[in-house]
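Have the viewer open as you read.

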Amino acid sequence: MRLLVTVWLVTLAAAGCSIPEGDWFGRVPVPDPTHLRFCNMGEPEYLDPALAEATNDLKIVYELFDGLTTFDAHGLPRPSLAERWEIAPDLRHFRFFLRRDARWSNGRPLVADDFVYSIARVVHPLTGSRHAETMWKIKHGKAYTEGRAKLVLADAPPFRAGDAVETTEDGAPDPNLRRARAALPLRAAPDDAAEVWATVAAGTELTVVEARSGWLYLYWAEGDGLYAWARADALAAPHGERPYSVRSLDDDRRGVVAGRDLLLVPEILGVRAPAPDVVDIETEGPVPYFLDLTLQESFRPSPREAVSRRPRTWVRPETIVTSGPFHLRAWRMRDRIELERSATFWGRGGVRLERLTFLSMGNQAAIANVYYQGGCDATMSNAIPGSMLPVVAGRKDHARAPMLSVYTYVVQTERVPSAHFRRALSAALDRSELAALLKGGQIPTEAYVPGRPIAELSDEELRQCGVARGARGVALFVAPGLCYLPPAGLGFDPAEAEREMALARADLGDKFPRALTLKFNSGVEQHKTIAEWAQRKWGQAFDLDVEIEAQEWNTFLKTTTGHDFDVARVTWQGNFPDPEGEFLNIFKCRSPDNRALYCNPAVDDLFAQAERTADRRERLRLVHRIEELVIADAPVIPLYVYTQHVLVKPYVRGLAVNPTDHQSFRDVWISP
């Protein structure tokens, strides 16, 4: 039925048939005051807050899992699980005071230890979270993800028990490895009376994740995996007598420690639970935007008891444990996700919706059709085909607003190793053509960090940024009165494009690529339009054979995170307005989100300087230099800053439209 509906709308638009005039786009049905239906784009990849990344995942994750803070109407932090917080003047120490009425959906109180567990889970190498880099701001976070960090368990001069060190030997065996001495029960809790989830045979290898009072929290890699507890004395440490060369993570001490006295455990990290309702976090350096980070999915705790038993499948409706305003009732693949108001959420009295349905729509045409016919009450941003924008413009249910998001082409630098080649690709594209091509008010850009057009700033904002109204580009306000101006990028210059490509031919010789594949996700009209435009421009400028390839959304995510592409469309959407913390971090050499496999040691050095700097203006000056280097190396080709378009039925109230495109559905209600 949905396919027929989609064909009807596309045929109608293509034939030039008129859509009925009126204040609203399509039917305005009599609403169910308890139920909101939301047209989401694509099937979610993950609902686990440690793994979810795509925008369509996060719309759901933020309703299932609460955080220290949540989004206000402007997309900025407001108290949620944390009732209040204290930030030290050094911008390195943060204390959060939790509300005492917070509960998981299984009835267990949500406490500070849940944050210690969850943060350690995100950064642990076994989890493989692409959000680990967010947690690298926390003390020792990066060394933890890389598996180098170890806690010293007993005095071993010059080290004392409790010191954090890192191993300095490449290829050294893992001191966290253990083997069962005999048949070993794996339990739900560190208690001999706790439920046994599995029993492993003698000699089975397991990995220590935590240690507690004679018990070890272990990972068993069999099947889908299992985390469980076992007595420490029931396990042998095969590398216990091996000496490891180590150095302190906090000073210049070096020495040797036996493997039995080294473990990768959460105590290394700068996160503590000094009381059940207090979370203390210490960062590596000053982090002026740390409160903004607490909005993100990686800071939303996950329940140990559910994750441990089913690490890969715990988010299924029959096993999920949640903390947010809504609970997962049903997940029908490639159809819909049904949420219901949580009976255990601390703020349930203020949640006015009883049901929330996310429709997993495959493409923009289907979304526009379903909305037009009254099948959903609101759409996610930019889920309307470009060809339909002139039709919806001016309707009362259409909202057009700025968006903190940039549309780019990412170039895989190992497949396209010449910066000259990449710069040539960028210089051959005239972004000014995109506005007319896409018809959505997009803002052409050659810089990477998005913002508001300088031409639209107020006189006071121009003064704060130190620019004249006629200047090109965009401006980003990272704090009241604090303006960041992205550097000028590689503009359209056919002669420069030709010169750079000639240098690339000389550099690469026989390895010069005669063909490229440009990949994008299917279901979005503009992606194909832009890909065909770039294909034509690059073919004309360089006689390149450019093949374009559309992939289903989840396949495309695996393709890009697996670096299996030459050039790929990637949109980066900011959760908060900071160029360093939200946009440029992905260009660090070892960033898990570095799809381009780009590495410039000078960029990493500048990041290191910025991360030691508390003065935010000086920090932004260093970040500006980082963006200049990234633009010059061209692992990414920025094309435009988004303008968001949203459709919302007139009876839907409280659904915020803001630059970060993040809203809390706990605030939404329906007026009949």
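Cys589 comes out as partly exposed, because its relative accessibility is 22%, and the buried class stops at under 20%. Keep in mind that this is a predicted model. Its disulfide partner is Cys599, with the two sulfur atoms 2.0 Å apart. Cys599 sits at 47% relative accessibility, so it counts as partly exposed too. Turn the view along the S-S bond and you'll find 85 degrees about it, a right-handed link. Both cysteines lie in the loop between α16 (579-582) and α17 (601-611), so this bond ties together parts that are 10 residues apart in sequence.

How many disulfides does the structure hold? There are three, and if you count the bonded cysteines along the chain, they pair as 1-2, 3-4, 5-6.

Now go to Cys39 and Cys376, whose sulfur atoms are 2.3 Å apart. This pair links distant parts of the chain, 337 residues apart: Cys39 belongs to strand β1 (residues 35-41), while Cys376 is in the loop between α8 (364-372) and β23 (378-379). Both Cys39 and Cys376 are buried. The torsion about their S-S bond is about -105 degrees, so this disulfide is left-handed.

The remaining stop on the cysteine tour is Cys465 with Cys483, at a sulfur-sulfur distance of 2.0 Å. Here helix α12 (residues 459-465), which holds Cys465, is linked to strand β28 (residues 482-484), which holds Cys483, and the two cysteines are 18 residues apart. Cys465 counts as buried because its relative accessibility is 11%, and Cys483, with a relative accessible area of 15%, is buried as well. The S-S torsion of Cys465 and Cys483 is about 100 degrees, so the handedness is right.

Next, on to helix α15, residues 553-561. Which of its residues are buried? They are Trp553, Asn554, Phe556, Leu557, Thr559 and Thr560.

At its start, a side-chain oxygen of Glu552 reaches to within 3.3 Å of the backbone nitrogen of Asn554. Just after the helix, His563 takes a positive phi of about 65 degrees.

Definitions and conventions:
Residues are numbered from 1 along each chain as its sequence is written. This is a predicted model: local features need pLDDT of at least 70, side-chain atom pairs count only at pLDDT 80 or more; totals for chains, interfaces and linings use all residues. Side-chain values use heavy atoms; hydrogens and water are left out. Buried means under 20% relative accessible area, exposed over 50%, partly exposed in between (1.4 Å probe, protein chains only). Helices (H or I, at least four residues) and strands (E, at least two) are DSSP runs, numbered from the N terminus. A polar contact is a pair of N or O atoms within 3.5 Å; within protein, one must be able to donate a hydrogen and the other to accept it, and residues adjacent in sequence count only if both atoms are side-chain atoms. A disulfide is a pair of cysteine sulfur atoms within 2.5 Å.
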